[in-house]
Amino acid sequence: RVLSCGLKDFCAHGAAPGDAAFAAGADKRAPKIASVVGILGHLASRHAGSIKQELLRMFHESLGSGREQHKATVPFLLQLALMSPALLGTVSAELVDSLKPPVLNQLHQHFSALPRDELEHVVGVVVHLISQTSAGAFRILQFLVGTAMP
């Protein structure tokens, strides 16, 4: 429920990948996101598995849907990761493992409609998050090299 409420607020306040709010902290335009991060951080000590499972479910569910709220899910999850390294660390390894060719194709379709500057910004956010990830860094680098090779 916490994630759902945060996503609804994120959508209602228009924080999207190309917005300055997305880069500079969507918590200014989506006021509940800081509370969501705080609550999830508090719950993580006892419910890390459930939180990880829900974050991954939200990610995968959003890729196959054209609903407006689902279009904002990946930017919402990226913003959560920017604001909480603990949440990033919780899901990074499993997320990398799930990025098989069909999921990568869905991501490509999901973001192909974005203007080039917004797409470059999303890529910049992802690169920043990768550089902030210490746990599972080797797996991430293996994935990047393996995916980049023909």
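Reader: Which residues touch the most other members of the largest nonpolar core?
Author: This is a predicted model. Its largest nonpolar core holds 33 residues. Those that touch the most other members are Leu3, Leu55, Phe59, Phe76, Leu77 and Leu80.

Reader: Which element gives the largest share of this core?
Author: Helices H1, H3, H5, H6, H7, H8 and H9 each give two or more residues. H3 spans 32-63. The largest share is 10 residues, and the helix that supplies them is H3.

Reader: At what angle do H5 and H8 pack?
Author: The H5 and H8 axes lie 10 Å apart. The crossing is left-handed. The angle is about 40 degrees.

Reader: How many nonpolar residues does the contact of H5 with H8 have?
Author: H5 brings Leu78, Ala81 and Leu82. H8 meets them with Val122, Val125, Val126, His128 and Leu129. The contact has no charged residues and 1 polar residue. The nonpolar count is 7.

Reader: Is Ser92 buried or exposed?
Author: Ser92 sits in helix H6. Beyond four places in sequence, Ser92 touches Thr133 and Ala135. Its relative accessible area is 7%. The cut-off is under 20%, so Ser92 is buried.

Methods: Residues numbered from 1 in each chain as written. Predicted model: local features only at pLDDT ≥ 70, side-chain atom pairs only at ≥ 80, totals over all residues. Heavy atoms only, no water. Core = buried A, V, L, I, M, F, W, Y, C linked by side-chain atoms within 4.5 Å. Buried < 20%, exposed > 50% of the residue type's maximum accessible area, 1.4 Å probe, protein only. Helix = DSSP H or I, 4+ residues; strand = E, 2+ residues; numbered from the N terminus. Contact = heavy atoms within 4.5 Å. Axes fitted to C-alpha atoms, helices over the stretch in contact; angles between N-to-C directions. Left-handed = near helix turned anticlockwise from the far one by under 90°. Nonpolar A, V, L, I, M, F, W, Y, C, P; charged D, E, K, R; others polar.
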